[in-house]
Amino acid sequence: MAMKVAFVLLVCCCALARAAVPLTLDQVNRMTEEEFVQSLAKTFENGAWILQRTYQQHRPFATVKELHDKMILVLNSATREEKIAFLGHHPEIRGAVVNPDISDHSKNEAASVGLDALSQDEFDELERLNAEYRTKFGFPFMLSLRRHSKDMIFSRFNRRMLNEVDSELQTAIDEITLITRLRILNMVSGPGVPKTTGSLTTHVLDTVKGKPAAGVTIELFEVSASGNTLLTSAVTNADGRTDSPLISNQPLRIGTYELRFHIGSYFRSTSRDLVADPAFLDIVPIRFAVSEPESHYHVPLLVSPWSYSTYRGS
């Protein structure tokens, strides 16, 4: 019996693994219209008509980017009424967590930014913003959650409430573009993939010795009004860098971050005679903001026991 259960679990796991493998662009180009719509249905919430028109008007596709670009061309070419009706079928951001009828993509995107663990005050504020936004514009608030920190979601909500209706309608469509660009890459592989990821790196230089600082502990936090969240930690190698980027293979969330460099312990182990007790500099915090999710951010630290400087590098 145990062997039978194990076999069933193995079969299920293999099936899930196969389901997670993206379609190739060649496979997509060979599909019937029905297969095309069914296979890519999770790209849009209730957007089968976009897929149908894309298939009918623009197939075949030379690159993955062209596939997505043509989908968005269809959406942007729709009538104003079609766009509003399409947006109206989307869940509110809060609803993306609690509504069982929406796609797994929306649920995962909301949970990834912490919207499944809001405080009561945050929940009430989001409810208020959702209601005011829908009353003014007639459709729910659209935002690519994977490109924003939780604090920036609230900030964008309040800022966009000042927009005129037609301007906000286009902003919402632009956000759908960003949301679906990330989704299509999970579904289709092939040439010409659009850029959707950024990266964050650092480099520590010991200005006393004039060489890279090895063995410096670094912590990266996301800064939030409700408290800072530790995202990762690392120790610099012989080149004064971390072995891998602090963030990579995903969009950098628009928001505020803080790097904490444990400089005191580094200099106590390498230049003890230069370090006071207690050390003048112990943990050096560098707080910075990310505004370009698909860009590379390099935040180096030039440091001595008494001073430090930083800049945005390349």
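**View 1. Thr201 is a buried residue in this predicted model.** Its relative accessible area comes out at 17%, so Thr201 falls on the buried side of the cut-off, which sits at under 20%. In terms of secondary structure, Thr201 belongs to strand β3, which covers residues 198–201.

**View 2. Four strands make up an open sheet.** Reading across, the order is β7-β6-β9-β10, and the pairing is antiparallel. At the edges you'll find β7 (229–235) and β10 (283–290), each of which pairs on one side only. Ignoring direction, neighbouring strands of this sheet are turned against each other by 20° on average.

**View 3. Now for a look at how β9 and β10 are joined.** Strand β9 takes in residues 255–262, and eight bridges join this strand to β10, with the two running antiparallel. To pick out a pair, go to Glu258: its bridge partner in β10 is Arg287.

**View 4. Helix α12 packs on the sheet.** This helix spans residues 263–270 and touches both β9 and β10. The direction of α12 makes an angle of about 20° with that of β9.

Note on methods. Residues are numbered from 1 along each chain as its sequence is written. This is a predicted model: local features need pLDDT of at least 70, side-chain atom pairs count only at pLDDT 80 or more; totals for chains, interfaces and linings use all residues. Side-chain values use heavy atoms; hydrogens and water are left out. Two strands pair if DSSP finds at least two bridges between them. Axes are lines fitted to C-alpha atoms, for helices over the stretch in contact, and angles run from 0 to 180 degrees between N-to-C directions. Contact means heavy atoms within 4.5 Å. Buried means under 20% relative accessible area, exposed over 50%, partly exposed in between (1.4 Å probe, protein chains only).
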